[in-house]
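Dear colleague,

I am handing over the structure we spoke about, and I would be grateful if you could look through it alongside the notes that follow.

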Amino acid sequence: MRYTNNMLFAHPVLSEVGDDFSGAEFNAEFGVDIDEQKLRITSEISVNCPEILDLINESKVGIGYYLMCKDTFLTRLREVKIGEAVEDFTISNFYGGVEIRPVIWTKAEIVDWPCSTLHPEYGGAVTLPLAALLAVGEIYRFTVDREFLKPLESVFELASDDEIQQGEFRVQLDYEKIRIEAHSSTIQNVGEYRNVPNGRLILLNSVYLPAVMEVLSRISTGDLQEYDSKSWHRVFVARCQQLNITIENCDSPFRDAQKLLKLPFKGLEAKREEFFA
Amino acid sequence: MNDLLHVSEAVLSGLKQNISENLPKYQSEGFREESANIDWCIRVKDVAIDLGALSTLDGSSNSASADIDNTLIVMEAMNGLNPTLAREERIWVRLSHLECFNYTCERWFSSGDFNEKSIKLHFFASSREVAQRRHSISRLWWAGHIAKQCMPDSPEIAVRLLFRRADVFQSFMEKPYFVPRLKLAQSVLRIMNEDTRALESEQSYRDFMTVINRKGGGVFFEAMSESQVDDFAFQALEESAHLVPSR
């Protein structure tokens with residue numbers, strides 16, 4: 001459906017901007033929850049016109065919302081029940097700005113429909129064609145943030161420092177990304193481990209887990225605002241909030257780092273047979 | 001199949017800032033010496049691509065027919081990519097600077113004019129518009145993605161229709177509210193596949209779209225059956241066909 005607020009219709013449309021109905025309201029509230037797999041939309045849609053409610057109960061009209069993401073050419077019309085409803089969508093179909101527009105539409109032609117809230121100029125009853133917009137609500141907008149979808153490892157970068165002995169790592173927080181510093185030959189080895197089967201699992205446990213512990217320890221004991229202009233900070237804090245980790249009072253960096261990296265040893269356990277084959 | 005790799009943020013930013021300094025590379029051998037650099041080789045988890053297939057891309061022609069063949073190759077070779085990842089510039093930058101460097105140069109720089117503006121458009125994918133319409137490989141992937149959405153059972157036919165006329169490609173790729181009206185977009189392609197009157201000239205396609213837009217605004221095509229939407233689109237085609245003689 002293409003719709004603009006100044007679009008004219010041959011039939012009445014219940015909306016914030018028009019006066020085709022008097023005293024009737026179509027309201028919707030939305031909540032959005034995003035994780036790495038899914039986009040969960042919680043809707044609370046209500047309409048107070050008894051005749052429209054009858055049409056919904058008789059399945060002559062649908063009630064729900066349009067979900068539209070211009071960046072990925074995606075649109076979905078999702079029919080939901082009146083009141084609270086929860087719907088899940090695959091997150092990999094979304095990117096950037098997303099709009100939700102609540103709507104009610106006809107599923108068949110409705111002839112001589114009487115409605116007590118219709119503007120008097122309609123004479124008390126109207127005929128609604130098939131596939132017509134009967135009510136439209138305010139757009140709710142949100143963003144599927146690319147940073148939010150990035151794995152935590154993406155906020156780290158490797159940097160060479162040949163003054164550090166081979167095999168040792170250090171963590172620096174004063175850059176846009178959390179910098180893991182090591183001797184150039186160690187960095188080279190990390191790169192090689194990254195690209196062999198299961199190499200990332202080994203790195204996650206041996207390099208990234210202690211690095212995340214170090215970050216948690218340093219920001220929980222220091223000034224959190226010190227780093228809030230850094231790119232890594234937003235992703236790191238968002239991920240902590242998502243997992244209910246209180247950064248300011250992190251009493252166990254080991255526990256919380258494992259949580260943030262989704263129990264990295266579990267990955268090694270899952271590949272046990274490959275390692276011991 | 002091969003791992004899908006991307007460049008790091010630092011490499012992306014360095015390439016963007018140093019287009020002029022890198023001009024000799026764009027004009028000659030490209031960036032192949034970077035292929036083993038770890039900052040050019042960050043693996044995307046759980047996504048594989050067929051680099052062998054991508055190496056068969058043919059940039060020697062800028063014809064619609066070549067774009068069709070190349071889109072079909074990219075669709076197959078990068079079938080595992082999802083739309084969220086497809087908006088990740090670093091993936092496309094790695095491909096256009098390494099594996100698909102020759103194709104990019106042949107297709108978009110055959111005149112040898114490697115100016116900074118064109119390099120930004122065809123080697124980088126910094127915005128939605130550039131990624132979906134300009135980047136040498138990304139535009140083909142997005143065309144394939146739209147074709148799969150519109151004709152999931154026969155995307156090849158959809159690709160052929162999309163590239164049949166520049167106007168068709170433009171209306172599907174450039175108007176973000178057209179493809180999202182998926183049932184209508186699907187029907188428009190089905191009708192054009194059966195009745196080619198709208199594809200006869202630039203004007204005939206424009207007339208068809210004018211009638212579709214005039215009559216279809218505010219219509220809930222999702223509430224209609226496939227045959228009802230096809231009837232709507234066919235009537236619009238009939239009406240638009242009658243507009244031509246009167247002009």
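**The two chains and their contact**

Chain A has a radius of gyration of 27 Å, whereas a compact globule of 277 residues would have one near 19 Å (the radius is taken over C-alpha atoms, and the globule rule is 2.2 Å times the number of residues to the power 0.38). Please keep in mind that this is a predicted model, in which local features need pLDDT of at least 70 and side-chain atom pairs count only at pLDDT 80 or more, while totals for chains, interfaces and linings use all residues. Residues are numbered from 1 along each chain as its sequence is written, chains are lettered from A and ligands numbered from 1 in the order in which they are written, and side-chain values use heavy atoms, with hydrogens and water left out.

The C-alpha atoms of chain A fill a box of roughly 85 × 45 × 30 Å along the principal axes, and its secondary structure comes to 8 helices and 13 strands (DSSP runs, H or I of at least four residues for helices and E of at least two for strands, numbered from the N terminus). The mean pLDDT of chain B is 91, with 96% of its residues at 70 or more (pLDDT being the predictor's confidence in each residue, from 0 to 100), and the model scores ipTM 0.86 and pTM 0.75.

Turning to the interface, 34 residues from chain A and 35 residues from chain B take part in the contact (heavy atoms within 4.5 Å). Between them the chains bury about 3200 Å², 58% of it on carbon and sulfur atoms (the accessible area, with a 1.4 Å probe, that two parts lose on being put together, summed over both).

There are 2 salt bridges between chain A and chain B (a side-chain nitrogen of Lys or Arg within 4 Å of a carboxyl oxygen of Asp or Glu), and the side chains of Asp71(A) and Arg87(B) meet in a salt bridge at 2.7 Å, N to O. On the side of chain A that touches chain B, β6(A) gives the most, with 4 residues.

With best regards
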